[in-house]
Amino acid sequence: MSVIKGNLLAALATFDVAARTTSFTGAASRLHITTGAVSQQIRQLEQQLGFPVFQRHARGITLTEPGLRLHQVVSRSLTDIAEVIRELQTEPQPEGEIRLRLTPSFAFKWLVPRLHDFYQHFPDINIQTFADGALVDSRDTDCDLVIDYRRHEEIKDDGKTSLLMAESLLPVMSPDYQAKFDWLHPQAWHQVTLLHDAMPWRNAERDTEWRYWFHSMHIQADSRRGHFFNRTDMAMAAAEAGLGVAMARQALIGDDVKKGRLVSPFAPLQANAGYYLISHRHSAAIDCFVQWLRAQINSMSLEHELAIAVEGKPAHHA
């Protein structure tokens, strides 16, 4: 509504206290501010509303007829808000421990930077994170949850596995490395150094992501060239250092792109793969964590869509 602007909500709270105490001085005492500050807030409130809420006289203040009607609504609303807050504060918070297994790349580049937000909301839930191998064993029932990178075609409906986030591939490089080549010219790909994640999933061929990207982009180039790493984040770090072009996953490069450490002249390409959540157990704590994960991903997707809407479509395909 047009009247809800500035500090109107704060002024209405001050108005409620002043109406209850029938005194600006009494309101100031309860709110621990000066009488002049209360008087100024009420005056600004009346200017925004376009009508007086109090009559001032030597003995103090009394509500005008419009002020009385407004106070009835404000008082009731503030009481309802306080009641809801009390109810929420008395609800038991989930607690417990979650054993989570995932790849180091996803842990370091995506999960760990966001965990502070989770602990702010759920301080009594402890997450034990195990990211000790480039590939994870999703059959390991010693953990409660597994986040694994897999091709969509390999997933079977077992009641425990669900897609957490579909992934896209994007060649990334340092700004200086980008400036060395004409990326619209097919011959550039015969000169650049390719940086590979040689183990994107179990039993994958070590050039599989670059080969898939070249095929999808209709580029004739040798995908077997370059340097090979067993983790995506290592290939990305090599690209940032100017060693070549890494085939990165879009979910893992957000901060690096925002800060200009990595750039790309191409648009993301759907990877036909994604991060899958495998649930071995359920509890209130685990359910909270899963809901938080999905909320983070939804928020990230919305931010990406807004960025495209504001800045225009991503850079061209070759």
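Two rings of Phe, Tyr or Trp (for Trp, its six-membered ring) pair up here if their centres lie within 6.5 Å, and planes under 30 degrees apart count as stacked, over 60 as edge-to-face and the rest as tilted. With that rule, a search of the whole structure turns up 23 aromatic pairs. Take Phe24 and Phe54: their ring centres sit 5.8 Å apart with the planes at 80°, so this pair is edge-to-face. The two residues tie together distant parts of the chain, being 30 residues apart, with Phe24 in helix H2 (residues 24–31) and Phe54 in strand E1 (residues 54–57). Helices (H or I, at least four residues) and strands (E, at least two) are DSSP runs, numbered from the N terminus. Phe24 and Phe54 are both buried, where buried means under 20% relative accessible area, exposed over 50% and partly exposed in between (1.4 Å probe, protein chains only).

A word on the ground rules: this is a predicted model, in which local features need pLDDT of at least 70 and side-chain atom pairs count only at pLDDT 80 or more, while totals for chains, interfaces and linings use all residues. Residues are numbered from 1 along each chain as its sequence is written, and side-chain values use heavy atoms, with hydrogens and water left out.

Back to the rings. One aromatic cluster is made up of Tyr177, Phe181, Trp183, Trp189, Trp210, Trp213, Phe214 and Phe266.

Helix H1 (residues 8–21) passes a simple length check. H1 is mostly covered, as 10 of its 14 residues are buried, among them Leu8, Phe15, Asp16 and Val17. Just past H1, Thr22 adopts a positive phi of about 50°.

Positive phi turns up in loops too. Asn203, not a glycine, has phi near 70°; this residue lies in the loop between strand E7 (194–197) and helix H8 (208–217) and is exposed, at 78% relative accessible area. His218, again not a glycine, shows a positive phi of about 60°. His218 belongs to the loop between H8 and strand E8 (227–229), and counts as exposed at 72% relative accessibility.
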